[in-house]
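Welcome, and please open your viewer before reading on. We will go from one selection to the next, and each stop says what to look for.

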Amino acid sequence: MRKGSLFTNLGRKMAQKDVLLVLILLLVFRLFEVESGGLSYNFYDQSCPHVEYIVKAGLQAMSLIDPTTPAAMLRLMFHDCQVQGCDASILLDPDKATEMISTKNFGIRKRESITLIKSMVEAACPEQVSCADILILAAREAVAASGGPRIEVPLGRRDSSAAPSSELADASLPPANIGVDGMLLMFAEKGMTIEESVAIMGAHSLGITHCSNILSRLYGPQGDKPDLMEPGFEMLVRFSCPIGSLTSKTSFVLNDPTTLLFDNQYYINAMSGRGLLRVDAELPSDPRTAPFVRRFAVDQDSFFRAFSSAFLKLSSSGVLTGKQGLIRKSCNVIR
Ligand code: HEM
Ligand SMILES: [Ca+2]
């Protein structure tokens with residue numbers, strides 16, 4: 001009997017210790033969760049287990065119809081995350097003074113594709129998955145479908161319940177003629193290293209640039225002049241984008257020759273004086289960024305690794321989690 005009570009007491013003490021241990025572990029886990037932005041790798045395991053597959057199927061179907069879809073998705077994700085964080089604010093129907101009105105968002109395409117994929121997800125799991133997460137998943141699939149790395153992304157973002165102003169978008173998005181200095185500063189704010197900043201610019205391995213965005217580099221006053229352009233390339237771009245052209249908002253040039261492939265051609269191009277935007281052109285000559293450009297140009301795996309970790313930082317920036325924001329029913333309206 002006494003023995004029994006000794007063991008019961010011991011048992012109680014052990015149990016108290018265990019409970020304390022579990023509580024401490026929970027606290028540490030919670031702190032860690034908050035520190036990693038409150039996102040997790042198994043967020044929809046119970047509530048929408050097939051979401052990643054649905055987004056993948058949706059994006060692949062859309063890319064078959066229009067192979068430039070991946071480029072549009074990748075830029076869409078950057079422009080969402082850059083303004084008020086990755087909260088799907090860019091998908092809201094434009095109003096007189098909201099972010100899509102900003103001239104910096106000129107050329108943004110296929111916002112409606114995310115709204116469409118969202119309706120596919122809603123059919124499977126109503127009101128569970130945020131538009132913000134779907135946008136990140138679509139961008140991740142865009143990179144993978146174009147031959148780039150398949151990046152595992154943590155989920156659990158929530159959608160904004162307010163639309164940012166066009167002024168905020170003007171202030172948060174980079175101008176087309178930004179240099180390496182401004183670019184490094186912008187990505188340092190997202191916690192990126194110089195290597196990651198150089199790698200995320202490799203997104204310009206996909207897609208196009210409208211002539212209106214390079215006219216000042218081609219024909220503007222000094223400073224913007226194409227002194228870093230290889231003469232043959234300069235001639236070609238000038239031919240595609242003639243001075244005073246009335247079609248500068250509809251005509252465009254390819255960001256790199258393998259515009260539909262996510263590869264390291266962007267760096268090879270930049271090193272041979274074929275960088276299209278000022279920042280693309282400056283990367284191989286700035287002593288801070290040049291070593292990474294040289295490495296990525298010969299080692300695609302190393303580019304893919306650095307791009308993946310940069311993508312994770314960009315896609316986790318300024319996210320709403322937990323009870324913040326909301327899960328929109330339809331991505332283009334707040335409700
Ligand atoms: C300093 C940073 C950056 C600047 C100044 C910049 C600027 C631009 C400009 C001016 C265009 C052409 C848009 C048009 O004329 O339609 C463009 C296209 C593009 N950008 Fe960037 N960008 C930057 C960073 C990024 C990042 C971080 C990503 C993605 C992670 C990205 C992805 C893209 C893509 C995929 C396109 C092609 C879009 C399409 O084909 O519709 N860019 N960028
Ligand atoms: Ca946003």
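**Stop 1: a helix inside**

Begin by selecting helix H5, residues 131–145: its 15 residues reach 20 Å from the first C-alpha to the last, close to the 21 Å expected at 1.5 Å a residue. That expected span is 1.5 Å times one less than the number of residues in the helix. Helices here are DSSP runs (H or I, at least four residues), strands are runs of E of at least two, and both are numbered from the N terminus.

This is a predicted model: local features need pLDDT of at least 70 and side-chain atom pairs count only at pLDDT 80 or more, while totals for chains, interfaces and linings use all residues. Residues are numbered from 1 along each chain as its sequence is written, and chains are lettered from A and ligands numbered from 1 in the order in which they are written.

Is H5 enclosed or open? It is largely enclosed by the rest of the structure, because 14 of its 15 residues are buried. A residue is buried if 20 or more other C-beta atoms lie within 10 Å of its own, exposed if 12 or fewer, and partly exposed in between, with C-beta atoms placed from the backbone. Now step just past H5 to Gly147, which takes a positive phi of about 100°.

**Stop 2**

Zoom out. The protein chain has 14 helices and two strands, and 40% of its 335 residues count as buried. Among its contacts with a separation of 6 or more, 78% join residues 24 or more positions apart. Two residues are in contact if their C-beta atoms, placed from the backbone, lie within 7 Å.

Color residues 51–172 as domain 1 and residues 180–314 as domain 2; these bounds come from an automatic or database domain assignment. The C-alpha centres of the two domains lie 22 Å apart. Where they meet, 16 residues of domain 1 are in contact with 14 residues of domain 2. On the domain 1 side, helix H3 gives the largest share, six residues. That side divides into 10 nonpolar, five polar and one charged residue. Here Ala, Val, Leu, Ile, Met, Phe, Trp, Tyr, Cys and Pro count as nonpolar, Asp, Glu, Lys and Arg as charged, and the others, Gly among them, as polar.

**Stop 3: around ligand 1**

Select ligand 1 next. Which residues are closest? Of the 25 that surround ligand 1, the closest are Ala71, Gly107, Ala203, Gly207 and His210. A residue is near the ligand if its C-beta atom, placed from the backbone, lies within 6 Å of it. Helix H3 (69–82) and strand E1 (208–210) are the elements that give two or more residues to this shell, and H3 brings the largest share, five residues. By class, the shell has 15 nonpolar, eight polar and two charged residues.

**Stop 4: His204**

Move to His204, in the loop between helix H8 (194–200) and E1. UniProt, in an unreviewed entry, places the feature "binding site" at His204; its positions are given in the numbering used here, feature names are shortened, and annotations may be inferred rather than shown by experiment. His204 counts as buried because it has 24 C-beta neighbours inside 10 Å. Leaving aside neighbours within four places in sequence, show its contacts: Asn255, Asp256, Tyr266 and Asp280.

**Stop 5: two positive phi values**

Go to the loop between H3 and helix H4 (111–124), where you will find Ala88. Its phi is near 60°, a positive value in a residue other than glycine. Most residues other than glycine have a negative phi. Ala88 is buried, with 29 C-beta neighbours inside 10 Å. Lys110 also lies in the loop between H3 and H4, and its phi is near 65°. Buried or partly exposed? Lys110 is partly exposed, with 19 other C-beta atoms within 10 Å.

**Stop 6**

Arg274 sits between helix H11 (265–271) and helix H12 (278–282), and its 22 C-beta neighbours inside 10 Å make it buried. Not counting residues up to four places away in sequence, Arg274 touches Glu230, Phe233 and Asn269. Pro257, in the loop between strand E2 (252–254) and H11, counts as exposed, with 11 C-beta neighbours inside 10 Å.
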